[in-house]
Amino acid sequence: MSANGPVLDVRDLRVWYGSTRGAVRAVDGVSIQIRAGEVLGLVGESGCGKSTLGRGVMGLLPDGSAVDGQVLFQDTDLLKVSDRQLRRMRGPDIALIFQEPMTRLNPLMRIEDHFSETITAHEPKLSKAEVRRRSLEALGGMGIPPTRFRNYPHEFSGGMRQRIMIALALVLRPKLVIADEPTTALDVLVEAQILSILADLKRNFDTALLLITHNLGIVAEACDRVAVMYAGRIAEEGDARTVFSQPAHPYTRELLRSVISLNTTGLHYIPGAPPSLIDPPAACKFHPRCPDAMRVCAQLAPVEQRLSAGQRVECWLHGPGDRIPEGGREPLEQERIAVAEEA
Amino acid sequence: MAKPTTSLRTYALTRLALVLPMLWILLTLVFFMMRVAPGDPVTAALGGRLPEKELQERRHAAGYDKPLIVQYVDYLGDVARLNFGTTITDDRPVTDVIIENGSATLELTFWAMVVALSVGIGLGLVAGRLRDSGADVSIRMFGIVVYAMPAFFLGFLAQLLFGERLGWLPTSGRASPEVQFLLPTHTHLYLIDAIIYGDWATFKDVVLHLILPAATLGLIIAGVLIRLVRVNVLQTMKGDYIEAARARGIDEKSVVYRHAFKNALVPVVTVLGLQVALLMSGAVLTETTFNWPGIGFELVRYLNNRDYIAVQGIITFFALIVIFVSVLIDFVNAWIDPRVRY
Amino acid sequence: MASQLIARAGRAFGPVREARGVPRWIVWAGIVLTLLFVVMALTAPWISPYAFDQYKDASGQRFVKQQAPSSAHPFGTNVQSTDVMSRVIWGARTELKVVLFAVVVSLLVGLPLGLLSGYFGGPVDRVLVLIMDALFAFPYLLLAIVIAFLLSDKFGSGVATAAFAISAVYIPQYFRVVRNHVVSLREESYVEAARALGARPRTVIGRYVFQNVVQSVPVIATLNAADAILTLAALGFLGYGIQPTDAAEWGYDSSRALSDAGAGIWWTGLFPGMAIVLLVTGLTLLGEGLNDVLNPVLRRRKMEPVTLPPRAPQEDRA
């Protein structure tokens, strides 16, 4: 691994689920990279495949899902390693923080047992005292006093449980943390707390963080770079500030316009619903909802372009011009939005 | 939320306070159910066999000429002193029936539970773990068929095969007549008596007699357990903490054993308490099938003799057992599941 | 109303048709086994070789007792010289009659009691819950025996006595299930909304609660019917069921066959016993299968195998 190469390099990943109605293309050709000490925000509407992407990296997909592409973690392709090796990497290399903290701890085990189980699963030779020291250190870092170490999960509030879950994820000092909507189930004050904890992480341990969220405010606050996901693909990806100030993809732009802030005068929303992942719209998957759609958008899938501002984007507005057929730039006659809604 | 865990003792006291109304209701039900029957118990059991004058005396002695409410209060008072009355037909204190025949039932049901728990939980866990595999389908089928099998039919098949055809095992009673005659019994538990006296020939004889009845009753209860454990494993394996444990790199074996199985067995303990009803009902049938002189066997005999006092006493005793087991189960639950102790 | 009910039932059983794999197999095995006995019960007078209490042939010749299976008596004869096969076939009629009766009575009592008790709550509810819990915890067979024992003094040992004794066992079960369901429903937002809009209790119970609760009835009723067969057979076995001269009953026949086992006479006990096992298994499979199919908690989202198509070059990807 080169010194400043990415910790995680996902190349053209596809994750499809089989369902009775057909294949669900949850992740359909996604490439992202995260470097050490970097926070990448992954945003998109619910059902666009962002959680599946996180699980796919961890190898925690339900039986019967089909995966291909490459998931390079420090140059090891996680899709090729054995189950056993992948299990060994979960924890010390990659950790996952879940959305709902209330049900993620085993109700019959003390907090202490969760920690000792996790640590000894990966470092079986560690002494009891050392296991305890490390656990308390991780918990202390999250503001959980040692007196609560022998308590049961039901004796903690949601925010505290999420901090315990984070401590549990960090106790093995993973190089990459995937946080899947870590604050969605919590109230705003706790949310701020958890976000600052995650921000400290990269400062103190140079951890790479993949922050999955649908909340653009969190991305603006906590992320270095942002990837906008739509219907299983990355629509736009780049430096967070650049993407926010000069969104290149119409979807990003519309998403940003929908954010409610203090100077909002009217509510803006994107018409239609996220497309079906079983039978997505042809060509550009956003074209039925896109205010800027052109004829080419309904004919050909867009090609990834790198812009001068630094972001990469998949949208015909940004070319390449030589691939757009004759008359492709004419505005598209939009079908009634109800059709998209039906899909 | 962050309330400290209530101590087990406080929990115990609250739980015990809840027992009394339940106990009272059960006893009241038993009492009035027995009084719905036409005529008085003495006439029902002995009518026509003794002169009217003597019946009258017996009725008076047993208090059946008193008003119903007085009889009811007397009954509750007697039960509180653990006096269950004296049988009409053979003039035996019901307490004796409980001690002598009850211990036979205890011996039978204990070993039946051992069979039921090991077979039921073992197979249930395997079936739940290997959902929809060949093993799962066969175990499920086994559970359903065993559950569908009346104790007396399973007993009949066992007697036919192991008793009559193969001649391996005895099919009737707790021990061979000569053994039973010679065994000085203190605990009324033959197995323990045999061990106390170090009499291995007797021990073997008692074990052989125990095998078929205990296996019959145990398998029937195992059928219910298999179903229960399997469903619980399926639900637990879907649990969020299972996925979370996998995400921490806990190996699959630990995930299954430490996280899934333990959590899956918690509700089983509760339902196990309800199985005591099945166990007792099954015991009545098993004892009748194998001529096992237990309390269920005696109950059927007294029923056939229309001995209301004996029936009432034995049913009352069963009610006490039901209450006792339900409390016991709750304690066990509180002990293994910290959430219960709230 | 009727067509509405049929349509609703059709919708409720839609998942049965859609079910696949093991659950589908289980439901169908249950349906086939149960139907087999229903047909047997309905056609008993025509398919049975003899009457259930017939112990001599047309010429007045008494059947040989405990005779091994032969062409004249395919399942042999029992100790009372009656034909085992005829008693098994007629027995189907008795068992189904009693169990249907018992399940209907328990439903008619348990369902409304549970609905009202759960919906209105209050002290009556609490007392009912205590009584029903006490009855529920009590060994069901003993309860049935005692009630059959008490009723038999008044009504004799017939179908009605057996059916009422069995109902007493299942009323608490329906009551508990329905009441708990109603209590949880009462807190559901749509029921609360209906109440907030001023719907009368009658309407709320009838339209919202009842229709919801009724959906769980087929599964419970089927499983209880299976259980009730066992209870009836146990009552018969202990001598508190139906008298052998009134009707053929498998449990009673099993008890008479018990002493045959030692003599190697297997046919008197095997056939009635098998009949019990098969009918109970059929009903259980039907109930379990319905539960698997209808209960979404246990239903596993069907995963079809999926293969990724080879990647198309960027340009052609549609």
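This is a predicted model: local features need pLDDT of at least 70, side-chain atom pairs count only at pLDDT 80 or more; totals for chains, interfaces and linings use all residues.

Residues are numbered from 1 along each chain as its sequence is written, while chains are lettered from A and ligands numbered from 1 in the order in which they are written.

Let's begin with chain B. Chain B has 14 helices and zero strands, where helices (H or I, at least four residues) and strands (E, at least two) are DSSP runs, numbered from the N terminus. Along the principal axes, the C-alpha atoms of chain B fill a box of roughly 85 × 60 × 40 Å. Out of its 342 residues, 42% count as buried. A residue is called buried if 20 or more other C-beta atoms lie within 10 Å of its own, exposed if 12 or fewer, and partly exposed in between, with the C-beta atoms placed from the backbone. Now look at contacts, meaning two residues whose C-beta atoms, placed from the backbone, lie within 7 Å. Among the contacts in chain B with a separation of 6 or more, 74% link residues 24 or more positions apart.

How is chain B divided into domains? The domain assignment gives domain 1 (17-80) and domain 2 (94-341) of chain B; such bounds come from an automatic or database domain assignment. Taken over C-alpha atoms, the centres of domain 1 and domain 2 of chain B are 33 Å apart. Twelve residues from domain 1 of chain B and eleven residues from domain 2 of chain B make the contact. On the domain 1 side, helix 1 (8-36) and helix 2 (41-46) of chain B are the elements that give two or more residues, and helix 1 of chain B has the largest share with seven residues. What classes of residue does that side of domain 1 of chain B have? It has twelve nonpolar, no polar and no charged residues. For these classes, Ala, Val, Leu, Ile, Met, Phe, Trp, Tyr, Cys and Pro count as nonpolar, Asp, Glu, Lys and Arg as charged, and the others, Gly among them, as polar.

Next, zoom in on a pair of helices. Two packed helices are described by the angle between their axes and the distance between the axes. Helix 5 (residues 94-129) and helix 13 (residues 295-304) of chain B pack at an angle of about 125 degrees, with their axes 7 Å apart. Here axes are lines fitted to C-alpha atoms, for helices over the stretch in contact, and angles run from 0 to 180 degrees between N-to-C directions. Helix 5 and helix 13 of chain B are therefore oblique to each other, given that angles under 35 degrees count as roughly parallel, over 145 as roughly antiparallel, 65 to 115 as roughly perpendicular and the rest as oblique. Helix 5 of chain B brings B:V97, B:I98, B:N101, B:G102 and B:T105 to the contact, and helix 13 of chain B brings B:I295, B:G296, B:F297 and B:E298. By class, that contact has four nonpolar, four polar and one charged residue.

Chain B also touches two other chains. With chain C, 42 residues of chain B are in contact with 40 residues of chain C, and the chain B side divides into 32 nonpolar, eight polar and two charged. With chain A, 20 residues of chain B are in contact with 25 residues of chain A. Helix 11 of chain B gives the most to that side, with six residues, and the side's residues divide into seven nonpolar, four polar and nine charged.

Over in chain C, you'll find 13 helices and zero strands. Buried residues make up 47% of the 318 residues in chain C.

Last stop: A:I234, which lies in strand 10 (residues 233-239) of chain A. Is A:I234 buried or exposed? A:I234 is buried, because 24 other C-beta atoms lie within 10 Å. Leaving aside neighbours within four places in sequence, A:I234 is in contact with A:V30, A:I32, A:A227, A:V228 and A:M229.
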